[in-house]
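Work through these exercises with the sequence and the 3D view side by side. Try each task before you read its solution.

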Amino acid sequence: MALPLDGVDVMQAQPTSPADCESLPMPSPMEMPVQSLRTGALDPRALPSAPRGMFWRRAYILGGTGALTALATYQMWRVLRVEGLTVLEGVLLALFVALFAWIAQSFLGALAGFVLVLSRNGGQRLGIDPAAPLPSLPPSARTALLMPAYNEDPHRLMAGLQAIYESLRDTGQLDRFDFFVLSDTTRAETAEAEVAEFHALHARLGNPTNLYYRRRTDNIERKAGNIAEWLRRFGGAYPYMLILDADSLMTGDTIVRLAAAIDQHADVGLIQSLPAIVNGTSLFARMQQFSGRVYGPIIAQGVAWWHGAESNYWGHNAIIRTKAFAEQAGLPQLPGSKPFGGHVLSHDFVEAALIRRGGWALHMVPALHGSYEEGPPSLTDLLVRDRRWCQGNLQHAAVLPTRGLHWVSRWHFLIGIGHYFTAPMWAMLLLVGIAIPFEHIGLASEGGLRAALSPAAYWRSLDPERILWLFAASMAALFAPKILGYLAMLVNPAERRGCGGALRALLSVLIESVLAALMAPIVMYVQSRGVAEVLAGKDSGWESQRRDDGSLPLSGLLKSYGGLSFFGLLIGMLALFASPSLAAWMAPVTLGMVLAVPLVALTSARGPGQWLRRAKLLSIPEETDPPPILKRATALRRRPVLPAQDNVPAA
C-alpha cells in the first residue's frame, strides 16, 4: 500500500505460509509511525555518550578544509589570471574548488585517523575495550539478530548464520539472543530451497527455540520494509536488534560487546561496527579487501572522531535500540515519481538522520574487530550495485530540506550526493583543461595548431612553479589515505605480518593503486552515465547480488565495455595523430578506456587473484590467519547441498 508523507503507518503484517507459521514466535506488536519530513524539530536533550571537544574536532575538519581549499584556490587563480580570466577558466576554477575541497576533507580526516591509530586513542569508544573480559549481559538485554535475504544462495546464507550462531553460543550468553531470517525472496525455487535449508540448519543446531524464519509475500519498501514489518509484529519483545546482511559474519564476542555497550548507554540509539571485507577470490575482490583493510581503518577512525554522536548507518553489522528505531525511523514515501519519488532506496542514511533528530546518539566503533562482510567479485557487480546507490543518494536531495535534522546528518546527505557528481566533474575538468589552450592560442595563428594541441606545454608556460606545486599538493591529498594507511599498518607487527610483510604490502599498495587508476576512467564513465540516467528518470530496479563468481563471457564483456574500449581507442588515435603531447595529456583516461574489456576480464577472474594469494600479495590478516568464524563459515559452505526433500525433517 502507498504510505502518506505525513501520519501513521497502518500496514498490517503480510500473510505467511504454513512453513513460516511453525517457525515464528508469539507476536509482540510495536507501533512504528511514519515520520514527517515537513514538520519536526531536533530533540535538544543532552547526549552523555557524546565525546568532548566536538566543536574543535569539527573546526579542524571543516575549517581546515576551507583553509586548504582557499589557499589552493588562490594559487590556481594566480595561474589563470595571467592572461585574464575567461568563461572557460572560470568554469575550470569552480570545478577545481569543488574537487580540491572534496579531497582536502578526506585528507584531513585520514590524517586525524592516522594520529589516532598511532596513539591508540581511538580504540575504546563507549567503553568498548576488545582486550577486556567479555561483559555479562543482563536478562533484560534481549537482542534479535535479523538477517534479511533477497534471492540469495540459501546454502551459503544458512552456513553463515550457523557460524554466527555457534560463535555466539561459545560466549555462554546465547540465551540473550534470538535469530530471524527475514526472507524477501521472490523466486519460487529459491524460496523452496530456503525453507529446506532452514529446516536443515534447525536440525543441525539441535532444534533450538531461538531460531526463526519468515518470508514475506509482498516486498513493499524492500529491505527497509522488511525490517519495519518485523518490528511491527515482533519488535516489542526485544530492546535491541542487530541488523545483518546476507553476507555478514560477526563473532559472538563482538556481538556481546555491542549489546553491552548499547545497554549501558541509555542515550545511544545505534552503534555501527566497521566490517572488514573478506573471502575475496577474484583479483578485484582481493583489491577491495586489501584497500579496505589497510586504508579503511584510518579513514574510519577519522570519520568516527569528528562525527562523534552524529555518526552514520550503513544498513548492516550494526546494533540498534528498537524503541529509537520504531519511534523515529518509519520512512515516508517521497513525493513524485521514480527515480526521485517513491520508496527511499538508500534508507540507512535517512534512518540514521531521523533517529538523531529524535534525540538519540549514533556512534561508530571502528577499532572493534570481529565484524565481516564480502565485497562484490568484479567491477561489473560493483557498478550494478553502485547504480542503485547512485539513485538512492541522489534521491536524498528530497530529504535534505527535512525539518529538524542535525547539520551533521545533512552533511552526510551532501557527501553522499556529491560522491556521484565528482565523476562527471573530473571528466569536465579534463575537457576544460584541453579546451582552454585552444581558446587562448587559437588555431589560426602561426604555429598555433601544434601549440594548442599541447595542453601540458600551455599550462607550464603560464606559471610552471605554481602549476607544479598545485599538482603535487592535489596528488598528495588524493593519495595520502593510501600512504598513511600503509604506514599505520607497518607500525603494528601483527597487521604487518598479516599483510605479507612490509615489502609485499608495499608492492600490494602499488598493484592496487595502478589497477584502481586504470579502472578509474571506467568508473567515471559509468557513474556519469548513472547520474544522467537518474536525472532523466530511469529507475535502477532491484537486483540480487552475486557473491562468489564475477566472471562474464566475452560476449557479455563486449556488450558492457566494448563500446567504451572502442571510444577510448578512437579518441586516443585522434589525439596521437594531432599531437603526441595531446595524446600524453589524455593517456591517463584513454588508456583505462581502451583496456576496459581485458582489464575487467582480468580482475574478475579467480586465477590471477589466487596467484597473488599464493605470492602473499594483496593479503590481509583475516586471510593469512583466518579467525575461527571465517574458517567455520567456509567449511560449512563447502558441505554438499542436499536435495530439498532430504533437508526437511519428517513431520
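This is a predicted model: local features need pLDDT of at least 70, side-chain atom pairs count only at pLDDT 80 or more; totals for chains, interfaces and linings use all residues.

**Exercise 1. Asn-317 is not a glycine, but has a positive phi. Is Asn-317 buried or exposed?**

Solution. Take the angle: phi of Asn-317 is about 55 degrees. Now find the residue. Asn-317 belongs to the loop between helix H9 (296-307) and strand S8 (318-321). Then read the accessibility, which is 0% for Asn-317. The cut-off for buried is under 20%, so Asn-317 is buried.

**Exercise 2. Summarise the chain as a whole.**

Solution. Begin with secondary structure: the chain has 25 helices and 10 strands. Go on to burial. The chain has 651 residues, and 56% of them count as buried.

**Exercise 3. Which residues does the UniProt annotation "transmembrane region" cover, and what is the chain like over residues 59-77 and 467-491?**

Solution. First, the record. The unreviewed UniProt entry gives residues 59-77, 92-118, 413-436, 467-491, 503-526 and 560-578. Second, residues 59-77. The chain there is 100% helix and 0% strand. The end C-alpha atoms of this stretch are 26 Å apart. Third, residues 467-491. Here the chain is 96% helix and 0% strand, with 35 Å between the end C-alpha atoms.

**Exercise 4. Find the surroundings of Ser-474.**

Solution. Locate the residue: Ser-474 is part of helix H16 (residues 464-490). Its relative accessible area is 12%, so Ser-474 is buried. Now list the contacts, setting aside neighbours within four places in sequence. Ser-474 touches Phe-96, Phe-100 and Ile-103. Finish with one distance. Ser-474 and Phe-100 are 374 residues apart along the chain, yet their C-alpha atoms are separated by 7.0 Å.

**Exercise 5. Where is Glu-495, and which residues does Glu-495 contact?**

Solution. Glu-495 lies in helix H17 (residues 493-498). Check its accessibility. At 17%, Glu-495 counts as buried. Then list the partners, again leaving out neighbours within four places. Glu-495 is in contact with Arg-293, Met-489 and Pro-621.

**Exercise 6. How many aromatic pairs does the structure hold, and how are the rings of Phe-55 and Trp-56 arranged?**

Solution. Count: the whole structure has 12 aromatic pairs. Take Phe-55 and Trp-56. Their ring centres are 5.0 Å apart and their planes meet at 85 degrees, so this pair is edge-to-face. Phe-55 and Trp-56 are both exposed.

Now turn to Tyr-74 and Trp-77. Their rings make a tilted pair, 6.1 Å between centres and 35 degrees between planes. Both residues belong to helix H2 (residues 54-80), 3 residues apart, about one turn of the helix. Tyr-74 is partly exposed at 40%, and Trp-77 is partly exposed at 33%.

Look for a group next. Ring pairs join Phe-180, Tyr-212, Trp-230, Phe-234 and Tyr-238 in a cluster. Close with a charge over a ring. Arg-45 lies over the face of Trp-360, 5.4 Å from the ring centre.

**Exercise 7. Which residues touch the most other members of the largest nonpolar core?**

Solution. The core has 54 residues. Leu-145, Ile-164, Phe-177, Phe-179, Leu-258 and Ile-271 touch the most other members. Helix H4 (residues 154-169) gives this core its largest share, 8 residues. Zoom in on Ile-164. Beyond its neighbours within four places in sequence, its contacts include Leu-145, Phe-179, Leu-244 and Ile-629. Another core lies apart, with 32 residues, among them Leu-283, Val-294, Val-589 and Leu-618.

**Exercise 8. How many disulfides does the structure hold?**

Solution. The search gives 0 disulfides. Cys-390 is buried at 2% relative accessibility. Cys-499 is buried at 1%.

Methods:
Residues are numbered from 1 along each chain as its sequence is written. Side-chain values use heavy atoms; hydrogens and water are left out. A disulfide is a pair of cysteine sulfur atoms within 2.5 Å. Buried means under 20% relative accessible area, exposed over 50%, partly exposed in between (1.4 Å probe, protein chains only). Rings of Phe, Tyr and Trp (its six-membered ring) pair if their centres lie within 6.5 Å; planes under 30 degrees apart count as stacked, over 60 as edge-to-face and the rest as tilted. Helices (H or I, at least four residues) and strands (E, at least two) are DSSP runs, numbered from the N terminus. A charge sits over a ring if NZ of Lys or CZ of Arg is within 6 Å of the ring centre and within 35 degrees of the ring normal. A nonpolar core is a set of buried Ala, Val, Leu, Ile, Met, Phe, Trp, Tyr and Cys residues joined through side-chain atoms within 4.5 Å. Contact means heavy atoms within 4.5 Å. UniProt positions are given in the numbering used here, feature names are shortened, and annotations may be inferred rather than shown by experiment.
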